[in-house]
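Let's take a friendly walk through this structure, one question at a time. Have a look at it first.

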Amino acid sequence: MPPVTADKVMEKLVSLAKRRGFVFQSSEIYGGLGSVWDYGPLGVELKKNIKERWWRSMVHERDDIEGLDAAILMHPKVWEASGHVAGFTDPLVDCKQCKNRFRADDPRIKGTPGQPDAQCPVCGSKGTLTAPRQFNLMFKTFMGPVEEQAAVIYMRPETAQGIYVNYLNVLQSSRQKIPFGIAQVGKAFRNEITPGNFIFRTREFEQMEMQFFVKPGSETEWFEFWRGERMKWVEGLGIRSAKLRWHQHDKNELAHYAKDAYDIQYEFPFGWQEFEGIHNRTDFDLSNHQKHAGKKLDYLDPKTSERFIPYVVETSAGADRTTLVVLCDAYTEEEVRAEEGAEGGGDQRVVLKLKPSLAPLKAAVFPLVNKDGMPELAHRIHDDLRRHFNVFYDDGGSIGRRYRRQDEAGTPFGITIDGQSTQDQTVTVRDRDTLKQDRVATAKLVEYLTQKLAG
Ligand code: ATP
């Protein structure tokens, strides 16, 4: 099969995502809403598996991290204290000719926006781009019935602030001691100027964030520790390591709160891009909240009796971007070799080679034909397996077609009930990636799958 070009890969992935029920465009019947996406039956499972894996490793498997689920709506002063009202902006440029909008740092713009030489990357006009003006990325809404300035509140643009304002509550109720962390998964909203690339940059998205509170002076050590841990976690998703790399922010890239920051980047079909950041946020957030709220947020070290405002090392991942990384990395087009005869030699297939533990469906159960006792046995097996795993029953179409549908869904195992099964209570289990078939006793299926799905 000839190699596929980058934009074609994204096009194919978006189309597979829709066809198989991973991701749909929001409000599609009304023409869609710009850069907002909905997760379908398989997508919600995949994203949930990624979030649960994150929660397990960041909260359940650690003694020094607590979970939190803070509200999306927060006191508007939070965003003044955090610097988002003043500083969470992107430079926006308009084309007076074609009315398109761009970030001033859009690499497609030639020349300096606002100057006669600047060229619009869409309509090609010269001198029509306005000088950049700062555009705040926070969505505003109103609390209560009156739409006035005093009632303005914001949809949170990051989950982190919900953690900072609760840091003392968690510290006191959990009886943790510094160093310790608070983890949270939740929605965030950014009115991005140039969203795009499917679920890569959207206006509503989910973050998986952890803030680790440490003694000032120990933050560099913890920063390195968390960099190591997060890369291990990402590799544990089954992502090819050649497609992963670190990117350290230079001075111009650093966010208003950060002293040092590294991104984990993935080589998407559209290039190397960040999907997780590790940030040294110093005592910026807690100090500012202490000042603006007029509440003491310092920590009394019980051993040394020292008082200090903790420094924060943040790990901030996007659940949707991580889902896109997993999908891109799993997407494979390949030829089925002749020796895999039963599957049709020379045939082409699209397969999502998802790590089995992340796959939305763990197995699909197929009666070979809809007679001779096969459907009855297949239903019994399906009912038994669904108590343990998310499994799917499919009796529609040829067995080859059923395998192909599950290949596209990334289902790691196909269980076929054939004539022999009704005689000796064994079934074939087809491996999605190798196409090899094992004959397994029905009584051993749960054990067989449990072992294969571990990790
Ligand atoms: P970018 O430079 O791509 O806009 P950022 O540096 O602003 O990202 P952070 O503020 O560090 O991103 O957010 C942490 C993570 O949240 C990102 O690594 C990404 O996975 C996710 N994220 C941020 N903005 C978006 C968005 N608009 N859509 C989807 N995910 C996002």
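**Around the ligand**

By class, the ligand's shell has 3 nonpolar, 5 polar and 6 charged residues (Ala, Val, Leu, Ile, Met, Phe, Trp, Tyr, Cys and Pro count as nonpolar, Asp, Glu, Lys and Arg as charged, and the others, Gly among them, as polar). This is a predicted model, where local features need pLDDT of at least 70 and side-chain atom pairs count only at pLDDT 80 or more, while totals for chains, interfaces and linings use all residues. Residues are numbered from 1 along each chain as its sequence is written, and side-chain values use heavy atoms, with hydrogens and water left out.

Visitor: How many residues surround the ligand?
Guide: A residue is near a molecule if one of its heavy atoms lies within 4 Å of it. The closest are E192, R201, T202, E274 and F275.

Visitor: Which strand gives the most to the shell around the ligand?
Guide: Strands here are DSSP runs (E, at least two residues), and helices are too (H or I, at least four), numbered from the N terminus. β10 (204-214), β13 (271-282) and β16 (311-318) each supply at least two residues of the shell. With 4 residues, the one giving the most is β13.

Visitor: How far is a nitrogen atom of the ligand from an N or O atom in the side chain of E192?
Guide: A polar contact is a pair of N or O atoms within 3.5 Å. A polar side-chain atom of R321 lies 3.0 Å from a ligand oxygen, and a polar backbone atom of F200 is 3.4 Å from a ligand nitrogen. For the side chain of E192, the distance to a ligand nitrogen is 2.7 Å.

Visitor: At what angle do the axes of α2 and α7 cross?
Guide: Axes are lines fitted to C-alpha atoms over the stretch in contact (heavy atoms within 4.5 Å), and angles run from 0 to 180 degrees between N-to-C directions. The axes of α2 (residues 41-60) and α7 (residues 219-236) come within 11 Å. They cross at roughly 145°.

Notes: Polar contact = N/O pair within 3.5 Å; in protein donor to acceptor, adjacent residues only side chain to side chain.
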